[in-house]
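I opened my notebook to look at one helix and then at some charged pairs. Here is the model I worked from.

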Amino acid sequence: MASILYDYCGGLYINLTNRCPNRCEFCIRNFVDGLGDADSLFLDKEPTVSEVKEGLLDWDVNSYDEIVFCGYGEPTERLDVLLEIAKHVKEKYGKPVRINTNGLSDLIHERETAPMLEGIIDSVSISLNEADAQKYMDLCHPRFGMKSYNAILKFIDDVRNYVPNVAVSVVCHSISTESIEKCRQMAKEWGVTFKER
């Protein structure tokens, strides 16, 4: 049975969906069924808000520093559900909430989504993964095509205005040293944290 909630590297993660507009070459789900204490993160069906709330009761939520939306799909595919659960987590448990995202939520929902995160989401980690649009296409194979990369750049620029802690990341074993350094410089110019995964 697939895990909706799982412990990974000492964090409590929520797995909302397996849908994703990307098919990244490096995606961990291409290689293993689960992570952390989850045997499988491949969902038979997407969990409801109630199911996630009930699932949280089985965990010692207060022992975690933050709650993270990240599973074997892009969590912003279910943005309304994510935000409802995030509000619940903050109200009931007083815990900060992070989203790990590919940054394509504006294209997924065909509108600007960064303002929706204000006051609800404390941290966003965005997978930038390459230094230009063509390299991103070749690595991540987004279904939105070439416009995907510029949409990510816009989302990063926007979300800084609504979320206190913003980071961009790259998968260092999948791209060149030159691309890593270009992405690092881009993060510096945005004034956001840079992470190598």
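My entries on this predicted model follow.

**Entry 1: helix H4**

I looked up which residues of helix H4 (residues 133-140) are buried. I found Ala133, Tyr136, Leu139 and Cys140. These four lie on the same side of H4, because they cover an arc of only 130° around the axis. I then checked what covers them. The cover includes strand S5 (123-127) and helix H5 (147-159).

Next I checked the two ends. At the start of H4, a side-chain oxygen of Asp132 comes within 3.2 Å of the backbone nitrogen of Gln134. After H4 comes His141, and its phi is positive, near 50°.

**Entry 2: salt bridges**

I searched the whole structure and got twelve salt bridges. One of them pairs the side chains of Lys90 and Asp122, at 2.7 Å from N to O. Lys90 lies in helix H2 (residues 79-93) and Asp122 in the loop between helix H3 (105-109) and S5, so this pair ties together parts that are 32 residues apart in sequence. Lys90 is partly exposed, at 25% relative accessible area.

**Entry 3: pairs within helix H6**

I turned to helix H6 (residues 177-190), which holds both Lys182 and Glu178. They form a salt bridge, with the closest N and O atoms 3.5 Å apart. Why can they face each other? They are four residues apart, about one turn of the helix. An α-helix has 3.6 residues a turn, so residues three or four places apart point the same way.

Arg184 and Glu181 also form a salt bridge, at 3.1 Å between the closest N and O atoms. They sit three residues apart in H6. Arg184 is partly exposed, at 31% relative accessibility. Glu181 is partly exposed too, at 39%.

Last, I noted a network: salt bridges with shared partners join Arg19, Glu46, Glu77 and Arg78.

Notes. Residues are numbered from 1 along each chain as its sequence is written. This is a predicted model: local features need pLDDT of at least 70, side-chain atom pairs count only at pLDDT 80 or more; totals for chains, interfaces and linings use all residues. Side-chain values use heavy atoms; hydrogens and water are left out. Buried means under 20% relative accessible area, exposed over 50%, partly exposed in between (1.4 Å probe, protein chains only). Helices (H or I, at least four residues) and strands (E, at least two) are DSSP runs, numbered from the N terminus. The arc is that of the directions from the helix axis to the C-beta atoms. Contact means heavy atoms within 4.5 Å. A polar contact is a pair of N or O atoms within 3.5 Å; within protein, one must be able to donate a hydrogen and the other to accept it, and residues adjacent in sequence count only if both atoms are side-chain atoms. A salt bridge is a side-chain nitrogen of Lys or Arg within 4 Å of a carboxyl oxygen of Asp or Glu.
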